[in-house]
Amino acid sequence: MQFKKLALTAIAGLFVANSVMAAELTVYTAVEAEDLKRYAEEFNKSHPDIKINWVRDSTGIITAKLLAEKNNPQADVIWGLAATSLLLMKSEGMLEPYAPKGVENLDKKFVDKSNPPTWTGMDAWVAAVCFNTIEGEKLGLKAPTSWKDLTKPEYKGHVIMPNPASSGTGFLDVSSWLQMFGEEGGWEYMDGLHENIARYTHSGSAPCKLAASGEIPIGISFAFRGAKSKADGAPIEIIVPEEGVGWDMEATAIVAGTANLDAAKTLVDWTITKEANVMYNTGYAVVAYPGVAKPVKFFPENLTEKMIDNDFEFAANNRNAILAEWQKRYDSKSEPKS
C-alpha cells in the first residue's frame with residue numbers, strides 16, 4: 001500500500017513537472033522578424049520550461065488584431081509593440097497591471113506612470129531621413145535638411161515613407177508632425193508631402209532599406225536602420241530634420257485575462273533585465289536600462305537633442321481619428337498588403 005502511494009506521488013510529481021515543462025505563451029510582437037529567434041533563445045537560456053509561440057506583424061496590424069480580440073484575447077503577452085498602442089489598450093482595460101521584478105532599475109521614461117504599471121518600455125526608435133547620395137547626385141537632388149524641404153517640387157516621386165496604419169514608424173511621423181506644426185499645419189504639410197510620395201510601405205524599416213539599395217533616393221524611416229545600412233556600406237546620409245523628430249518606444253505588457261499568468265509574469269520579469277536590454281541594444285541605440293547602450297557607428301550625434309517632447313497620450317487618444325483622416329486623404333498610394 002505504501003509502495004502504491006509512493007508510486008502515485010511520483011506519477012503526480014512527473015505530471016506537475018511535465019505541466020511546467022509544457023508551459024507555452026502566445027506572444028504578439030512587432031519586433032523585426034530577424035530578431036525573434038534570438039529573443040526566444042536568450043530567454044530560454046534562463047527559462048527552458050516556457051515555450052514562446054510568436055505572432056508577428058507590423059505595429060498597425062498587431063494593434064488592430066489585439067483590439068479586435070478584446071473580448072476574446074488570444075495573446076498572453078505583448079513583447080515589442082509601440083507604447084502609443086499599449087496606451088490605447090490600457091485605456092480599454094486590456095492590460096494586466098504588473099510591476100516586474102527590478103522595474104525600479106529602468107529609466108522612468110520607459111515605465112507606465114500607473115502604480116502598478118501596465119507596461120514597461122524596452123527601447124526607443126527615432127525618426128530620420130535616409131538619403132542616397134549616389135542616386136541624389138544622378139537626379140541632381142540636394143540632400144534635404146528639414147521636413148518641409150520634402151514638399152519641394154524637385155523631390156516629386158523620389159520619397160517613400162511608411163503607412164501609419166501599418167507601421168509604428170509611420171504613425172510616430174504623422175503624430176509628431178501634428179504636434180510640431182499644429183493640426184491644421186500638420187495636415188497641410190502632409191498634403192504637400194503626399195504630392196512627392198512615390199508610395200507608402202507597410203514597414204518602418206523598408207523606406208531606408210530601399211534608399212540604401214538605390215531604389216529610391218529618399219526614405220523616411222528611423223535612425224538606427226539608417227546607421228545599420230550605412231555601416232553595411234550603403235551610400236546614404238542620415239538626416240535629422242531641423243524642426244525635430246518623432247519617436248516612440250517598443251514596450252511589453254501582459255494581456256488581461258491570460259490563463260498563463262505565472263508564466264507571463266516570468267517572461268515580463270526577464271524582458272526588463274540588464275541581459276534583455278543588452279540584447280535590445282543590438283537593434284536599437286536607445287534602451288530602457290541606464291548604462292547599457294553602446295555607441296552606434298553612424299548614429300547621428302545630435303539625434304537625442306532633436307527628439308520632440310512627445311505627447312504619447314495625445315498620440316494614443318487620437319490614434320483612430322488620425323488614421324481615419326490619413327487613410328481618407330492618402331491611402332491611394334499605399335502598397336498592396338501582402
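Predicted model: local features only at pLDDT ≥ 70, side-chain atom pairs only at ≥ 80, totals over all residues.
By class, how many nonpolar, polar and charged residues does the lining of the largest pocket have? The lining comprises 9 nonpolar residues, 6 charged residues and 1 polar residue.

Let me place that pocket in the structure. The largest pocket has a volume of about 380 Å³. It is lined by 16 residues, and those closest to its centre are Lys109, Lys113, Trp119, Met249 and Phe312. Three elements each supply at least two residues of this lining: helix 4, spanning 83–91, strand 10, spanning 247–255, and helix 12, spanning 312–317. Of the elements, helix 4 gives the most, with 3 residues.

I turn now to the second largest pocket. Its volume is about 240 Å³. Here 20 residues form the lining, and Ala30, Glu32, Arg56, Thr59 and Gly204 lie nearest the centre. Strand 3, at 77–82, and helix 6, at 168–196, are the elements that give two or more residues to this lining. Strand 3 gives the most, with 3 residues. As to class, the lining of the second largest pocket has 11 polar, 6 nonpolar and 3 charged residues.

My next topic is a pair of helices. Helix 7 covers residues 206–213 and helix 8 covers residues 223–231; their axes come within 9 Å and cross at roughly 25 degrees. Angles under 35 degrees count as roughly parallel, and helix 7 and helix 8 are therefore roughly parallel to each other. Their crossing is right-handed. On the side of helix 7, the residues in the contact are Cys208, Lys209 and Ala212, and these meet Arg225, Gly226 and Ser229 of helix 8. By class, this contact has 2 nonpolar, 2 polar and 2 charged residues.

Pro116 is located in the loop between strand 4, at 95–96, and strand 5, at 120–132.

The other detail concerns Phe298. This residue has a positive phi of about 75 degrees, although it is not a glycine. Phe298 is found in the loop that runs between strand 11, at 286–287, and helix 11, at 303–306.

With that, I am glad to take questions.

Note on methods:
Residues numbered from 1 in each chain as written. Heavy atoms only, no water. 1 Å grid on protein atoms, 1.4 Å probe; cavity = no way out; pocket = protein on both sides within 12 Å on 5 of 7 lines; lining within 4 Å. Points joined across faces, edges and corners; volume = space filled by probe spheres on them. Helix = DSSP H or I, 4+ residues; strand = E, 2+ residues; numbered from the N terminus. Nonpolar A, V, L, I, M, F, W, Y, C, P; charged D, E, K, R; others polar. Axes fitted to C-alpha atoms, helices over the stretch in contact; angles between N-to-C directions. Parallel < 35°, antiparallel > 145°, perpendicular 65-115°, else oblique. Left-handed = near helix turned anticlockwise from the far one by under 90°. Contact = heavy atoms within 4.5 Å.
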